[in-house]
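Subject: Structure for your review

Dear colleague,

Please find below the structure that I am handing over to you.

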Amino acid sequence: MSKKCIAVHLPVDLIDKINEQKAKTGQSQSGLVIDLIEKGLGFSSNDKAVGKMFFFVKVRIDTTKMMEFGQKLQNGEIDTSHTIMTYCIKEDPTVGLNFWYADTIEEFEKVLSQYRPYYKEIIETIQVITPMNAMKLIMENIKKQ
């Protein structure tokens, strides 16, 4: 997906609502704005997630590079199109819990490589599936027994 950086000036009350939604969903601000624009235009890039591979990634952010990382994310210099959501652990806010999607493991690794310089460590990476796909696998296993 090619991207182009644009500046959007929003009314303060709309930014407050976007930030409330951001806090509820854990999405990045740019990801949330993209979702809202797509919804308004009647399509969704999330529809493209059908058939994708999903990943759970647990990381520890490098706090010495946190400001630079945030600026690059805000400026669109780092690809956030594969990130579904991010939350952090309350007891240790340097640990991020992220869900990603990609077409292939290679594509996932390529996008993740943009983030690696800003992580102190990647604690865990697990390929995951949707609840519906899990249900199908469970039902298949039950039928085999």
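The notes below describe the fold, the sheet, the core and the helices.

Please bear in mind that this is a predicted model. The protein has 145 residues, of which 24% count as buried. Five helices and four strands make up its secondary structure, and from the N terminus on the elements follow the order α-α-β-α-β-β-α-β-α. Among the contacts with a separation of 6 or more, 68% are between residues 24 or more positions apart.

The sheet

The four strands form an open sheet in the order β2-β3-β1-β4, with antiparallel pairing. Its edge strands are β2 and β4, each of which pairs on one side only. From one strand to the next, the twist averages 20°.

Strand β1 covers residues 53-61, and seven of these nine residues are buried, so the strand is largely enclosed by the rest of the structure. Its antiparallel pairing with β3 (residues 95-102) comprises eight bridges; within it, valine 59 has glycine 96 as its bridge partner. Eight bridges also link β1 to β4 (residues 119-128), again in the antiparallel sense. Here phenylalanine 56 is the bridge partner of isoleucine 126, and valine 57 is that of threonine 125.

The nonpolar core

Which residues touch the most other members of the largest nonpolar core? In this core of 15 residues, they are Phe55, Phe69, Trp100, Phe108, Tyr115 and Tyr119. At least two core residues come from each of β1, β3 and α4 (105-115). The largest share, five residues, is supplied by β1. As general background, nonpolar side chains tend to be buried together in soluble globular proteins.

Leaving aside residues up to four places away in sequence, phenylalanine 55 touches Asn98, Phe99, Trp100, Ala102, Ile105, Phe108, Ile126, Gln127 and Val128.

Helix α4 against the sheet

Helix α4 packs on the sheet and touches β1, β2, β3 and β4, its direction making about 140° with that of β3. The buried residues of α4 are Phe108, Val111, Leu112 and Tyr115. These residues lie on the same side of α4, because they cover an arc of only 100° around the axis.

How do α1 and α2 pack, and at what angle? Helix α1 (residues 12-25) and helix α2 (residues 29-41) pack at an angle of about 110°, and their axes are 10 Å apart. The two helices, α1 and α2, are therefore roughly perpendicular to each other. On the α1 side the contact is made by Ile18, Asn19, Gln21 and Lys22, and on the α2 side by Gln29, Leu32, Val33 and Leu36.

To draw the main points together, β1 pairs with β3 and with β4, and β1 gives the largest share of the core.

With kind regards

Conventions: Residues numbered from 1 in each chain as written. Predicted model: local features only at pLDDT ≥ 70, side-chain atom pairs only at ≥ 80, totals over all residues. Heavy atoms only, no water. Buried < 20%, exposed > 50% of the residue type's maximum accessible area, 1.4 Å probe, protein only. Pairing = 2+ DSSP bridges. Core = buried A, V, L, I, M, F, W, Y, C linked by side-chain atoms within 4.5 Å. Contact = heavy atoms within 4.5 Å. Arc of directions from axis to C-beta. Axes fitted to C-alpha atoms, helices over the stretch in contact; angles between N-to-C directions. Parallel < 35°, antiparallel > 145°, perpendicular 65-115°, else oblique.
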